[in-house]
Amino acid sequence: MQSRPTAVALATALTVSLTALPLAGVASAHSAAAASAARMIPASATEGPDTEALRAAIAGLPDHDATAALIRVGGKGSWRGVAGVRDVRTGAPALDDARFRAGSVTKVVTAAIVLQLAAEGRISLDGTVQQYLPALLTKDFEPITVRQLLNYTSGLQPGASLGETVEEGYAHRFETLTPRQVVAASVAKGPEFAPGTQQDYSNIHYTVLGMLIEKITGDSYAHQAAVRIFRPLGMRNTSFPNGSDPRIHGPHNRGYDWIDGRLVDVTDWNMSDRWAAGDMISTTADLERLLVALFRGRVVPGPQLKEMFTLPDVPGARYGAALERFELNGRVIWGKTGSRPGYATVIAATRDLSRTLVYSVNATDAKGDGAAVAQRFGFPAFNR
């Protein structure tokens, strides 16, 4: 992977590579807008989020690491923040209702649909891939249960890819890999380990779950997501691309990434290979609706919802069904991260919803160090 330029080089990169305004001019011009857009609705001075740290996180955008940030904090004390630019060429202020690629946050929707089908008695979480999709796996594989797909313990190896990094994938960004091609490549590698013995996070589990949803319902995955999740929750700005369409339709902030020392626009990208594992387009308001409704039991019935908050009994497990367990400042937090070129997303909350967080950051290394983005833009929401 190419090394990233220093922060000092960003203004030059914006000007030379994208004919943008100088960084200092863009940042200072938008800081007043960011200050007015970032607002707090406190419950109390001690219970609310660390608003000073949140303001500091978005101050001065765009910078070397991000061109825009949208943050929503809820629970006991609420705060909203938007900063940065919609387009580095024009310096237009970032949109607070922008649509973005939510990446692996898509897995929460996929898991919810599967758990709904389980609640309806249409599948069993102890049923196997071999039972529901009999032609998918070879005889090299031991029985893999639906639950093991949900919690990443299936033993399936990663499937086909058009590039493991942004740099590798950029030249192939308008090409298509179908879910069946992705899974076929995984199957050809054989099992990585015996099902239920390890946890290994990978998109492949949720690609297979997408196939399972389509087989059981006789409907497309995207339509099932719309009628089961998006429409009932009023997620009017959430959707999936139409096939291989590489565009984000509707209002959006453009995404950028450092490639070969240049800041490159990576907004338009065919994400069809991610499908049920990471192809969703959404907004922070819609994802907040999903997060709150899910945790309140309005999306998945209680007995099945427990699967999302239950870690498998394997060494080092961090994930239940889609959701990851974190501990921060003495709190247990459940959430999901997502990253696509130019876009880093998080949904997270305490189990009792006393604190919720949703953000979309136009990170210039969104597929790189996600921990650094989370520490800057997410951790302050749970500081106190």
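Trainee: In which helix does Glu288 lie?

Mentor: Before placing the residue, note that this is a predicted model, for which local features need pLDDT of at least 70, side-chain atom pairs count only at pLDDT 80 or more, and totals for chains, interfaces and linings use all residues. Helices (H or I, at least four residues) and strands (E, at least two) are DSSP runs numbered from the N terminus. On that basis, the helix that holds Glu288 covers residues 284–295 and is H12.

Trainee: With which residues is Glu288 in contact, leaving aside its neighbours within four places in sequence?

Mentor: Contact here means heavy atoms within 4.5 Å. Once the neighbours within four places in sequence are set aside, the partners of Glu288 are Arg72, Arg80, Thr356 and Val358.

Trainee: How many of the residues of H12 are buried?

Mentor: H12 is a mostly covered helix, and its buried residues include Glu288, Leu290, Leu291 and Phe295. Just after this helix, Gly297 takes a positive phi of about 80°. Out of the 12 residues of H12, the buried ones number 10.

Trainee: How far apart are the end C-alpha atoms of H12?

Mentor: The expected span of a helix is 1.5 Å times one less than its number of residues. For the 12 residues of H12 this gives 16 Å, and the model agrees, because its end C-alpha atoms are separated by 16 Å.

Trainee: Why is H4 largely enclosed by the rest of the structure?

Mentor: H4 runs over residues 106–119 and reaches 20 Å from its first C-alpha to its last, close to the 20 Å expected. After this helix comes Gly121, with a positive phi near 75°. H4 is largely enclosed because its buried residues, out of 14, number 13.

Trainee: How are H4 and H10 oriented to each other?

Mentor: Axes are lines fitted to C-alpha atoms, for helices over the stretch in contact, and angles run from 0 to 180 degrees between N-to-C directions. Angles under 35 degrees count as roughly parallel, over 145 as roughly antiparallel, 65 to 115 as roughly perpendicular and the rest as oblique. H4 and helix H10 (residues 221–233) pack at about 80°, with axes 10 Å apart. The two helices are therefore roughly perpendicular.

Trainee: How many nonpolar, polar and charged residues does the contact of H4 with H10 have?

Mentor: On the H4 side, the residues that meet H10 include Val109, Ile113 and Leu117, while those from H10 include Tyr221, Arg228 and Phe230. In the classification, Ala, Val, Leu, Ile, Met, Phe, Trp, Tyr, Cys and Pro count as nonpolar, Asp, Glu, Lys and Arg as charged, and the others, Gly among them, as polar. By class, the contact of H4 with H10 has eight nonpolar, four polar and one charged.

Trainee: Is the crossing of H8 and H9 left-handed or right-handed?

Mentor: Helix H8 (residues 179–189) and helix H9 (residues 204–217) pack at an angle of about 130°, with their axes 10 Å apart, and they are therefore oblique to each other. A crossing is left-handed if the near helix is turned anticlockwise from the far one by less than a right angle, and right-handed if clockwise. The crossing of H8 and H9 is left-handed.

Trainee: Which residue is joined to Leu61 by a cis peptide bond?

Mentor: The bond has an omega of about 5°.

Trainee: What is the relative accessible area of Ala322?

Mentor: Ala322 is found in the loop between helix H13 (302–305) and strand E9 (324–328), and it has a positive phi of about 80° although it is not a glycine. The residue counts as buried because its relative accessible area is 0%.

Trainee: What percentage of the residues in the protein are buried?

Mentor: The protein has 14 helices and 12 strands. Over its 384 residues, the buried share is 58%.

Key
Residues numbered from 1 in each chain as written. Heavy atoms only, no water. Buried < 20%, exposed > 50% of the residue type's maximum accessible area, 1.4 Å probe, protein only.
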